[in-house]
Amino acid sequence: MELNLQPQGQTAGDLVKDITEAEFMAEVVDASMTTPIIVDFWAPWCGPCKQLGPALEKVVTAAKGAVKMVKVNVDQAQMIAGQLRIQSIPTVYAFWQGQPVDGFQGALPESELKAFVERVVQAAGGDASGGLDDALAAAEEMLEQGAPADAVEVFAAVLEEDPMNAKAYGGMVRAHLAAGDLDTAEAVLNGAPVEISKAPELEAAHAQIELAKQAAQAGPVAELTAQVEAEPDNLQARFDLAKAQYAHGDSEGAVAELLEVFRRDREWNDGAAKAQLFTIFEALKPNDPVVLNGRRKLSSMIFA
């Protein structure tokens with residue numbers, strides 16, 4: 001599947017252009033009434049400008065029209081440079097609705113340029129992801145509606161546009177797990193770039209795979225429940241019951257059993273209950289009530 005994220009009638013070349021001093025009013029002040037305009041003040045003799053310019057163009061182009069960029073050679077635009085009190089280059093200003101709203105001096109790493117562009121776009125009420133956020137939301141909806149194969153296609157298309165998108169990697173792992181394909185889910189996770197391996201979405205995917213492996217070996221809930229009722233002090237049975245409950249979609253019940261194991265003996269099996277709780281917390285969404293309540297109860301036990 002290919003995502004058509006470029007605004008209709010607009011090419012990447014329309015997003016970045018060189019302008020003269022005479023064009024500044026039309027191309028920056030007037031144009032910023034509808035779209036944020038980032039202005040890169042540079043000069044041919046400026047070494048850092050040669051680093052910053054291409055990096056900033058890349059980030060602006062990735063925003064797919066949510067922001068535009070113009071380049072101004074200060075040697076040929078000294079009046080504008082004087083009005084904006086530009087004392088060193090490169091200097092970058094962002095204009096929105098005719099006014100400068102943000103800016104910086106000097107060359108910045110790409111991560112900070114992305115954050116800068118995102119701030120500017122958000123200040124104007126736009127989407128700096130270039131439509132990728134909408135695509136991710138659509139894929140998540142497909143997943144919730146029981147269409148993991150369709151979700152996989154959209155997540156894959158997002159990764160074609162942005163190979164470092166941790167949300168898309170995490171979503172693809174969950175989609176393959178939902179389809180019952182544990183091996184492919186694990187292969188996707190292992191294939192994620194090392195630069196994003198510690199992203200929350202990837203940490204969650206790792207936990208989800210671990211729990212899926214446990215689910216394949218989980219015992220029957222009814223039998224384990226009966227065993228726990230008959231042997232309340234059998235912590236292994238409680239632990240196994242928690243794994244079975246989670247495997248059958250009862251995350252709340254699983255957390256409750258693990259908390260009970262921890263309450264009875266927090267050091268049992270090298271702290272297995274606490275470790276399992278953290279695995280479940282990582283696998284679920286951070287704002288899930290099960291996570292919030294579970295973390296609160298665990299903390300109260302730890303610090304009691």
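**View 1. Ring pairs link Phe-24, Phe-41, Tyr-93 and Phe-95 into a cluster.** Rings of Phe, Tyr and Trp (its six-membered ring) count as a pair if their centres lie within 6.5 Å; planes under 30 degrees apart are called stacked, over 60 edge-to-face, and the rest tilted. This is a predicted model, in which local features need pLDDT of at least 70 and side-chain atom pairs count only at pLDDT 80 or more, while totals for chains, interfaces and linings use all residues. Residues are numbered from 1 along each chain as its sequence is written, and side-chain values use heavy atoms, with hydrogens and water left out. The structure holds six aromatic pairs. In one of them, the ring centres of Phe-24 and Phe-95 are 5.8 Å apart and the planes stand at 85°, so this pair is edge-to-face. The two residues are 71 apart in the chain, with Phe-24 in helix H1 (residues 24-30) and Phe-95 in strand E4. Helices (H or I, at least four residues) and strands (E, at least two) are DSSP runs, numbered from the N terminus. Both Phe-24 and Phe-95 are buried, a word that means under 20% relative accessible area, with exposed over 50% and partly exposed in between (1.4 Å probe, protein chains only).

View 2. Phe-104 belongs to strand E5 and Phe-116 to helix H4, twelve residues apart.

**View 3. Five strands make an open sheet.** Their order is E1-E3-E2-E4-E5, and the pairing is mixed; two strands pair if DSSP finds at least two bridges between them. At the edges you will find strand E1 (16-19) and strand E5 (99-105), each pairing on one side only. Neighbouring strands are turned by 25° against each other on average, direction ignored. Look next at strand E2 (residues 37-42) and strand E4 (residues 91-96): they run antiparallel and are joined by five bridges. Val-39 stands opposite Tyr-93 in E4. Helix H4 (residues 110-123) packs on the sheet, where it touches E2, E4 and E5, and its direction makes about 175° with that of E5. Axes are lines fitted to C-alpha atoms, for helices over the stretch in contact, and angles run from 0 to 180 degrees between N-to-C directions.

**View 4. Cys-46 and Cys-49 form a disulfide.** How many disulfides does a search of the whole structure find? It finds one, where a disulfide is a pair of cysteine sulfur atoms within 2.5 Å. The sulfur atoms of Cys-46 and Cys-49 are 2.3 Å apart, and their link is right-handed, with 85° about the S-S bond. Cys-46 counts as buried because its relative accessibility is 3%, and Cys-49 counts as buried at 6%.

**View 5. His-176 sits in helix H7 (residues 166-178).** At 14% relative accessibility, His-176 counts as buried. Leaving aside residues up to four places away in sequence, His-176 touches Val-152, Asp-181, Thr-184, Ala-185 and Val-188; contact means heavy atoms within 4.5 Å.
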